[in-house]
Amino acid sequence: MTSTTIEPSTGAASSRRWWALVTVGLAQLMIVLDMTVVNIGLPAAQSDLGFSDGSRQWVITAYSLAFGSLLLLGGRLSDLIGRKRTFLVALVGFAAASALGGAAQSFEMLVGARALQGVFGALLAPTALAVLTTTFTIPRERARAFGVFGAVAAAGGAIGLLAGGVLTETLSWRWTLYINAFIAAVAFVGTFLFIDSAERTGPRPRLDVPGTLLVSGALFSIVYGFSNAETDGWSSALTWGPLALGVALLVTFVAWQRRAAHPLLPLNIVLHRNRGAAYLAVLIAATGMFGVFLFVTYYLQGTLGYSPIRTGLAFLPMVFGMATAAQLSTNVLLPRFGPKVLVPIGLGLGASAMVALTRLGIDSSYAADILAPLVVLGLGMGATMPAAMQTATLGVDRHFAGVASALVNTSQQVGGSIGTALLNTLAATAAANYVATHGASSGAEAAVHSYATAYWWGAGFFATGAVIAALLFERRTTEPVAVPLPAAEPALAH
């Protein structure tokens, strides 16, 4: 095992830790923003560059495929070559890819830039969480830090909708990409000033190449399959073929990890009861949340006629609810009640909010019918996400903090892909059936009916997640045993 010197909690050291939190928070915000901010500017980009409706999805899919498939590799690389070094490389790469996309003069250039964003995002996201995990080791400080980080992770999508609307309407769709360069520049300076390099004195870990290829192929196939489900339907070979291949590769990966000398993901990280429950909670929460962003946005703009900026502003009460609940849950409720109580309550609040959204009609108003469910949803996700993220990385050996953090991001990404594909398909089917029953003139009512179908399914996801969390989480949060490192040669400093 390696020996680690824990810095005393002096005023200066504590101040550096909180500035480090600001730095990793900016990186996390940039990652989550990019999942929604580009969506708002996509119609303008399509008009400017002249690509077809059928090609439009690849601006989103290129990012998702690269990001989702490389997350575990990115997390492990941060363990191997050092988190500060990895963080700096990822920030520069993400900023450069964003600038390239903003300057794109063709559809191919834009898609290529988005794929590069995904590559560096897969390096950046798990490294940010790993830095947080290894920086905040004092329980009270750790709770506060994860409260902030979890609120950013949960609310970033809604902030992205607002930022995308403002940037597209006031400047250009290109600024939905350019903005990342400015955020990354601030985070880069903060990394140099406030994030310390760790000195490794124990064994040098090795990269599990077969495991990396297996899990990257599995995640690529799964995300690709769900992406195709949105456009080609569930009966298409381009949907079930990649999904079946992804499952087969994932099973093979698990079998390999049981015998690998230097596993990419030691299975006792996942098989610890609390951690496994936390990863499932993140996946289920992401499945429902992406559906909310998607269909509430459609409803506000398509049915109520909101502008992009007004749509973004409509989500702000949900963001405030998330931020409030995140701090209250991690600082007060989680230490007292543990995730077994807090996560099911949060997911239950999410389910109740989704049920309330099913009552929306073509004549509903924001103040009377939408505001309260969004606030309740924000409170629920603010209780769920930080608690699950903190539990998912609790007690992991610091040399595996990157890959354990990557698994959190992977759960969130795969959950989002499942939610987007599945809810889109269910909504489209419901709309088609409604028009077939009520006639072609019922388009507006069919759209609202399809959104209600998606909300009911989202409520079902949250309710199922609440039951699973209540059953799986331990009654008391125990500190898991750290994953031991395999013996190897002496390592270099990083």
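A contact here means heavy atoms within 4.5 Å. With that rule, T23 touches F87, A187, G190, T191, F194 and I195, leaving out residues up to four places away in sequence. What you're looking at is a predicted model, so local features need pLDDT of at least 70, side-chain atom pairs count only at pLDDT 80 or more, and totals for chains, interfaces and linings use all residues. Residues are numbered from 1 along each chain as its sequence is written, and side-chain values use heavy atoms, with hydrogens and water left out.

**Overall picture**

The protein has 17 helices and zero strands. Both are DSSP runs numbered from the N terminus: helices are H or I with at least four residues, strands are E with at least two. Of the 494 residues, 57% are buried. Buried means under 20% relative accessible area, exposed means over 50%, and partly exposed is in between (1.4 Å probe, protein chains only). Take the contacts between residues at least 6 apart in sequence: 84% of them join residues at least 24 apart. The protein exposes about 19000 Å², and carbon and sulfur atoms supply 67% of that. Accessible areas come from the Shrake-Rupley method with a 1.4 Å probe, and for residues only the protein chains shown count as cover.

Helix α5 covers residues 107-135, which makes 29 residues, and it reaches 41 Å from its first C-alpha to its last, close to the 42 Å expected at 1.5 Å a residue. The expected span is 1.5 Å times one less than the number of residues. There is a bend in α5 of about 30 degrees at G121, taken as the angle between axes fitted to the seven residues ending there and the seven starting there. Since 21 of the 29 residues of α5 are buried, this helix is largely enclosed by the rest of the structure.

Helix α14 has 19 residues and spans 27 Å between its first and last C-alpha, close to the 27 Å expected. Its buried residues include P339, L342, G346, A353 and L357, and K340 is also among them. This helix (residues 339-357) also supplies the largest share of a nonpolar surface patch, namely three residues.

That patch is made of F337, V341, I345, L349 and L379, with about 390 Å² of accessible area together. The patch rule takes residues with over 30% relative accessible area and no salt bridge, joining like charges within 9 Å and nonpolar side chains (Val, Leu, Ile, Met, Phe, Trp, Tyr) within 5 Å. F337 sits in helix α13 (residues 316-337) and is partly exposed, at 41% relative accessible area.

**The salt bridge**

How many salt bridges does the count come to? One, where a salt bridge is a side-chain nitrogen of Lys or Arg within 4 Å of a carboxyl oxygen of Asp or Glu. The side chains of R174 and D48 form it, at 3.2 Å from N to O. R174 lies in the loop between α6 (139-170) and α7 (175-194), and D48 is in helix α2 (residues 37-49), so the pair ties together parts that are 126 residues apart in sequence. R174 is buried at 15% relative accessible area, whereas D48 is partly exposed at 45%.

**Some buried positions**

T23 lies in helix α1 (residues 11-33) and is buried, with a relative accessible area of 3%. A20 lies in helix α1 too and counts as buried at 3% relative accessibility. Not counting residues up to four places away in sequence, A20 touches F194 and I195.

T176 belongs to helix α7 and is buried at 1% relative accessible area.

Y451 is found in helix α17 (residues 443-472), and at 11% relative accessible area it is buried. Leaving aside neighbours within four places in sequence, Y451 is in contact with F295, Y298, Y299 and T303.

| Pair | Apart in sequence | Apart in space |
|---|---|---|
| T176 and G160 | 16 residues | 9.0 Å |
| A20 and V131 | 111 residues | 8.5 Å |
| Y451 and L360 | 91 residues | 8.8 Å |
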